[in-house]
Structures are given as C-alpha cells and as structure tokens.
Amino acid sequence: MGAKAEISWKGRTAEGLKREVYARRVGGEWRFFARAKRYDQWLPLEHPPLEDWLELLDAVRRRTARRLLRPDEPVRLKKIIRELFPQADLP
C-alpha cells in the first residue's frame, strides 16, 4: 500500500468486530479490500456497504483539498455512490 490511489481506514463490522479496509482506484473504478487483523490476508469486498463508500468519499475530499487527487474525483465518486445506493443522503 501507499500509492496515491490507495486509501485505508479502520472500522468495525455490523457485528462489532474490528477490521481494516482499503480502497484502490484501478482505471476508473474503486476496488475494496478488507482484513480482520494486521497479518491476515487482504480479501476483496465484492459489495462494500454504504458506510465504506462514505468513508472513501470523505478521504477523497480531504485528499482533493490537499491537491493529492484530481478535483473531479469527488464528483465522480458521488455519482457512483448515487448509482449503487439511490436512497443514500449524501453530504
């Protein structure tokens, strides 16, 4: 990890278990990976929940403000979230 197109965070599952998540931009799409503990294997998340998408959107906005990502990236990400979760209330 560590590339500009990778963003990671820590959180909890719906069951309350700790987990690490990272998202990587490949081409024009975002791919999510998760693991429970530090030395576990990263497993791809086929259908990440809305909470993970919102964490990614927040991180992308912060990186865009620091000019680490292109200014149009938050707009594209919001469009993807609206397509996947039409009922979501985006900030």
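Me: Why is Lys10 counted as exposed?

Reply: In this predicted model, Lys10 has a relative accessibility of 69%. Exposed means over 50%, so Lys10 counts as exposed.

Me: How many aromatic pairs does a search of the whole structure find?

Reply: The search finds four aromatic pairs. One of them joins Trp9 and Phe32.

Me: What makes the pair of Trp9 and Phe32 edge-to-face?

Reply: The ring centres of Trp9 and Phe32 are 6.3 Å apart, and a pair requires centres within 6.5 Å. Their planes stand at 75°; because an angle over 60 degrees counts as edge-to-face, the pair receives that name. The pair links distant parts of the chain, with Trp9 in strand E1 and Phe32 in strand E3 (residues 29-35), 23 residues apart.

Me: Are Trp9 and Phe32 buried or exposed?

Reply: Buried means under 20% relative accessible area. Trp9 has 11% and therefore counts as buried; Phe32 has 2%, so Phe32 is buried as well.

Me: Why is the pair of Tyr22 and Trp42 called edge-to-face?

Reply: The ring centres of Tyr22 and Trp42 lie 4.7 Å apart and their planes meet at 90°, so this pair is edge-to-face. Tyr22 belongs to strand E2 (residues 18-26), whereas Trp42 is in the loop between E3 and strand E4.

Me: How do you know that Trp42 is partly exposed?

Reply: Its relative accessible area is 23%.

Conventions. Residues are numbered from 1 along each chain as its sequence is written. This is a predicted model: local features need pLDDT of at least 70, side-chain atom pairs count only at pLDDT 80 or more; totals for chains, interfaces and linings use all residues. Side-chain values use heavy atoms; hydrogens and water are left out. Buried means under 20% relative accessible area, exposed over 50%, partly exposed in between (1.4 Å probe, protein chains only). Rings of Phe, Tyr and Trp (its six-membered ring) pair if their centres lie within 6.5 Å; planes under 30 degrees apart count as stacked, over 60 as edge-to-face and the rest as tilted. Helices (H or I, at least four residues) and strands (E, at least two) are DSSP runs, numbered from the N terminus.
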